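Visitor: I am new to this structure. Please show it to me, and then tell me how its features get their names.

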Amino acid sequence: MPPIPGSGLAKGLAVTLRTMTRKTVTAQYPDTQPELPPRSRGVIGLFEENCTVCMLCARECPDWCIYIDSHKETSPPAAPGGRERSRNVLDRFAIDFSLCMYCGICIEVCPFDALFWSPEFEYAETDIHELTHERDKLREWMWTVPEPPALDPGAEEPKEITAARKAADKLAAQRAQEQHAQEQRAQEQRAQEQRAQEDEEGGTS
């Protein structure tokens with residue numbers, strides 16, 4: 001049976017009418033933020049405490065969009081009779097997102113888990129030169145990285161959490177030591193002042 005003339009138009013109008021009567025599902029961005037998948041590739045966050053300046057990410061980057069500067073520092077021996085150790089200190093870590101193609105190679109090759117994918121995507125700029133973001137911005141994006149999936153019971157603690165806890169404990173111990181030293185100096189000063197006052201009183205009598 002040949003198609004009825006105008007049946008296609010009628011079907012199209014029927015679809016239009018059905019759609020017009022339904023509630024809209026359009027997300028009004030930016031008033032409504034999209035729900036992104038947990039493994040979305042937005043920007044790259046830097047966990048600076050884990051970076052050893054091995055330069056592996058910069059060497060493996062196909063676009064050469066990672067810029068790293070560092071210098072060496074010599075630390076005193078941990079025990080008497082030991083030898084001094086030198087370590088790399090990070091001065092600059094920047095990524096040019098106008099060149100980045102979001103391949104994720106830098107994140108995969110990082111041996112110390114210093115780079116992570118963040119779902120953050122609102123970083124547009126009016127000038128292409130401002131798309132080179134330094135380590136301060138990359139560190140801010142680190143806090144937008146979603147939590148990893150739950151570990152199996154009995155699994156080891158993630159290395160980044162262990163490193164962060166060690167750094168926090170070390171800083172707290174240093175502050176406690178400094179505070180104790182200040183209190184000790186204050187006590188010694190008060191004792192000296194008291195002894196001097198007693199000597200003056202003894203001399204006048």
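Guide: Start on the surface. Y29, L36 and F121 form a nonpolar patch there, with about 280 Å² of accessible area together. This is a predicted model: local features need pLDDT of at least 70, side-chain atom pairs count only at pLDDT 80 or more, and totals for chains, interfaces and linings use all residues. Residues are numbered from 1 along each chain as its sequence is written, and side-chain values use heavy atoms, without hydrogens and water.

Visitor: Why does Y29 count as partly exposed?

Guide: Buried means under 20% relative accessible area, exposed over 50%, and partly exposed in between (1.4 Å probe, protein chains only). Y29 has 43% relative accessibility, so it counts as partly exposed. Y29 is found in the loop between α1 (7–21) and β1 (43–46).

Visitor: How much space lies in the largest pocket, and which residues are the closest to its centre?

Guide: About 810 Å³ lies in the largest pocket. Its lining has 25 residues, and F116, V145, P146, E147 and P148 are the closest to the centre.

Visitor: What makes up the lining of the largest pocket, by class?

Guide: The lining of the largest pocket has 16 nonpolar, three polar and six charged residues. β4 gives the largest share, four residues.

Visitor: What about the second largest pocket?

Guide: About 600 Å³ of space lies there. Of its 15 lining residues, E49, C51, R87, N88 and K170 are the closest to the centre. α5 supplies the largest share of that lining, five residues.

Note on methods. Patch = residues over 30% accessible without salt bridge, like charges linked within 9 Å, V, L, I, M, F, W, Y side chains within 5 Å. Areas by Shrake-Rupley, 256 points an atom, 1.4 Å probe, with all protein chains shown as cover. Salt bridge = Lys/Arg side-chain N within 4 Å of Asp/Glu carboxyl O. Helix = DSSP H or I, 4+ residues; strand = E, 2+ residues; numbered from the N terminus. 1 Å grid on protein atoms, 1.4 Å probe; cavity = no way out; pocket = protein on both sides within 12 Å on 5 of 7 lines; lining within 4 Å. Points joined across faces, edges and corners; volume = space filled by probe spheres on them. Nonpolar A, V, L, I, M, F, W, Y, C, P; charged D, E, K, R; others polar.
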